[in-house]
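Try each task before you read its solution.

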Amino acid sequence: MTKVLRRTAVSALTACLALALTSCGRGREYTVPKEACGVPLNEEVLDPFLMDGEKIEAKGGSVIETGTNTQGACTIRVDGKLVVHLRVEKVDKIYDPMDPSEEFRFTNREKMKNLPFAGLGALGDAISMVSTDCAGPEVDHLITYVSVDSQAGGDIAERRKHIQAFTFDFVPKVKKALRCTA
């Protein structure tokens with residue numbers, strides 16, 4: 001390879017790398033809303049799942065105001081890519097997330113310990129499930145699910161820690177919005 005050809009190749013590669021880094025490093029061009037899916041958002045616990053992009057949006061409606069449905073589901077997306085999927089079910093009793101019938105939801109399921117509220121919880125690599133009393137005017141018991149993209153939120157240990165933190169923040173907000181007394 002001649003010196004001229006080598007310099008041309010190096011220049012071309014440098015230009016391509018600079019262009020790639022410029023387009024990848026655009027950052028977050030959106031503002032995280034104060035509320036989505038019918039509940040207030042805490043940007044601090046949502047942050048580990050956020051990515052660079054132009055637009056953040058919630059799709060699917062409220063997990064609180066479900067009309068005659070017994071469940072509500074909503075996804076938060078950045079530029080169309082899943083950040084967090086939330087689901088709340090209004091149920092007739094406490095369901096144990098560690099019951100064998102719930103195993104299909106999880107990869108590496110473990111019981112959640114030290115819940116900051118009364119209830120039962122389980123945590124997997126990309127989902128949490130919490131069953132709790134409500135005793136509210138419209139619902140007796142709740143099940144909340146928080147799931148994320150299996151590649152989001154760092155390595156598996158970090159992702160699990162972040163899902164738990166989000167869940168511990170989310171469940172009390174759901175209970176408050178549904179006027180739970182238990």
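**Exercise 1: the surroundings of an arginine**

Task: find which residues Arg109 touches, leaving out residues up to four places away in sequence.

Solution. Contact means heavy atoms within 4.5 Å. With that cut-off, Arg109 touches Pro97, Met98, Asp99, Pro100, Glu102, Glu103, Ala122, Leu123 and Gly124. This is a predicted model, where local features need pLDDT of at least 70, side-chain atom pairs count only at pLDDT 80 or more, and totals for chains, interfaces and linings use all residues. Residues are numbered from 1 along each chain as its sequence is written, and side-chain values use heavy atoms, with hydrogens and water left out.

Next, look for polar partners (N or O atoms within 3.5 Å, one able to donate a hydrogen and the other to accept it; residues adjacent in sequence count only if both atoms are side-chain atoms). The Arg109 side chain reaches the backbone oxygen of Asp99 at 2.9 Å, and one of its polar atoms lies 3.3 Å from the backbone oxygen of Met98.

**Exercise 2: the partners of a strand**

Task: which strands pair with S8 in the antiparallel sense?

Solution. Strands are DSSP runs of E, at least two residues, numbered from the N terminus, and two pair if DSSP finds at least two bridges between them. S7 (residues 120-123) pairs with S8 over 4 bridges, with Leu123 bridged to Ser128. S9 (residues 141-148) pairs with S8 over 7 bridges, and Met129 stands opposite Tyr145.
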